[in-house]
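Hi everyone, thanks for making time today. Let me put the structure up on the screen, and then we can walk through it together.

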Amino acid sequence: MSEKTIIVIDKEAQKQVELPVIQPVLGRPGIDIATLPKELGYFTHDPGFGVTSSCESKITFIDGGAGKLMYRGYPIESLCEANISFLDVAYLLYHGELPNEEESKKFNEQIRYYRMLNKRVQNFFEGFHHDAHPMAMMTGVVGSLAAFYHDRLDINNPEDRYITAMRLIAKMPTIAGSTHRHAQGYPFGYPKEEDDYFEHFLRTMFSRPGSRFEADPLAVKALNLLFILHADHEQNASTSTVRLAGSTGTNPYAAISAGIAALWGNAHGGANEAVLNMLDEIGNVANIDKYIARAKDKDDPFKLMGFGHRVYRNYDPRAKIIQKVCYEVLEHYGDDPRMELAMRLEEAALKDDYFVERKLYPNVDFYSGIIYSALGIPVNMFTAMFAVSRTAGWISHWNEMISEGYRIGRPRQMYMGEKERSI
């Protein structure tokens, strides 16, 4: 039992229980309620798990009040400013330390080796309609990988877990790019040996038969930054889904597939797509005041997408970083009128007491969709891009849970239905 405890008293039953307080390295302390049902006969009720810790983790820390995000102790700003590659960040999330030059080179070579898909996996795409949503295809294809790569599915073997992690990180760009090619009716492309991670991803998506393709260095730079910012975000809905599915002992492909399905929702991974749809609806800067008023009207269904966050009660640190590269991308690829509209909308919202008092600041989704659009990535691929980058975080959390011991997840409920009755 920890030095500090919290006493919970049931006055009616004249019982009490002393609960230990868990002090994390960073962040608010937590109350260990594991003995509460046994001692007092109660369990806790927390819809949406807003104040409930589901696990201990060493991977990511968020201070929502201060607007701070860290991977393994490194502030996200320092990782981005140091021009570290996304694959080095993926290595960091999984292993706990940034790779040295030799480790980085080896990891990159392993990712190159594993990025191709079995020919029969490619055939699996043919079963989808040509206009199937990319996330529907990704959910199915990733779940099917257990049938094609079942040689390394011993989850209690660290080497098997690591090879599976590399396979997932390596193959996700190939899978995502293949969903786009399937929709376009193009044959699937094969990587070039010398392509790095993002050159391969862009080639998989955009190269055409019989034509030369060279990835734009600025596109590679922008994607590298966006993927680092999206690589992990603590116990969000999709990561918690991966952990919950993984806690049953299922294979990691099934767990990651469940995470992709969770990410698909507009309130999670689909938010940047919703931002662009909102900007298109607003139309131009002359309509901003009208839509600001609508957003404040509780009886109006219109919402300002890309503002506010479940965790951050300050400016999302990722949004600040993305905003900088957004200007660079638009200057290179041509201005997007939605960028000016987004900037003016942000300015108007941050001057309005309604949004300031509620701490509704722009989040990471507010600008990321504009960048993806400028790079020529279709709107229905935005969430797929998110899934590719977040795979690094998902598989790291899954590995952490499996390697450190776990119990099957089993939330409780408050039953509010009918009492026992007879027919």
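Before we start, one term: a residue counts as buried when its relative accessible area is under 20%, as exposed when it is over 50%, and as partly exposed in between. Please also keep in mind that what you see is a predicted model.

How many salt bridges does a search of the whole structure find? The search turns up 15. Let me show you a few others. Arg212 and Glu214 are joined by a salt bridge, again with 3.9 Å from N to O. Here Arg212 and Glu214 are both exposed.

Then there is Lys296 with Asp352, a salt bridge whose closest N and O atoms are 2.9 Å apart. Are the two partners buried or exposed? Lys296 has a relative accessibility of 34%, so this residue is partly exposed. Asp352 comes out at 14%, so it counts as buried.

And one more before we move on: Arg152, Glu159 and Asp160 are tied together in a network of salt bridges.

Now over to helix 3, residues 86-95. Of its 10 residues, 9 are buried, so the helix is largely enclosed by the rest of the structure. The buried ones are Phe86, Leu87, Asp88, Val89, Ala90, Tyr91, Leu92, Leu93 and Tyr94. Just after helix 3 you can find Gly96, which takes a positive phi of about 100 degrees.

Last topic: how helices pack. Two packed helices are described by the angle between their axes and the distance between the axes.

Take helix 9 (residues 217-230) and helix 14 (residues 317-333). They pack at an angle of about 165 degrees, and their axes are 11 Å apart. That angle makes helix 9 roughly antiparallel to helix 14. Their crossing is left-handed. On the helix 9 side, the contact includes Leu218, Ala222, Leu225 and Leu229, and on the helix 14 side, residues including Ile321, Ile322, Val325 and Tyr333. The residues of this contact divide into 11 nonpolar, 1 polar and 3 charged.

Finally, back to helix 15, where we began. Helix 15 packs with helix 17 (residues 365-374) at an angle of about 175 degrees, with the axes 11 Å apart. So helix 15 is roughly antiparallel to helix 17. From helix 15, Arg338, Met339, Ala342, Met343, Leu345 and Glu346 make the contact, and from helix 17 the partners are Phe366, Tyr367, Ile370 and Ser373. Sorted by type, these residues are 7 nonpolar, 1 polar and 2 charged.

Definitions and conventions: Residues numbered from 1 in each chain as written. Predicted model: local features only at pLDDT ≥ 70, side-chain atom pairs only at ≥ 80, totals over all residues. Heavy atoms only, no water. Salt bridge = Lys/Arg side-chain N within 4 Å of Asp/Glu carboxyl O. Buried < 20%, exposed > 50% of the residue type's maximum accessible area, 1.4 Å probe, protein only. Helix = DSSP H or I, 4+ residues; strand = E, 2+ residues; numbered from the N terminus. Axes fitted to C-alpha atoms, helices over the stretch in contact; angles between N-to-C directions. Parallel < 35°, antiparallel > 145°, perpendicular 65-115°, else oblique. Left-handed = near helix turned anticlockwise from the far one by under 90°. Contact = heavy atoms within 4.5 Å. Nonpolar A, V, L, I, M, F, W, Y, C, P; charged D, E, K, R; others polar.
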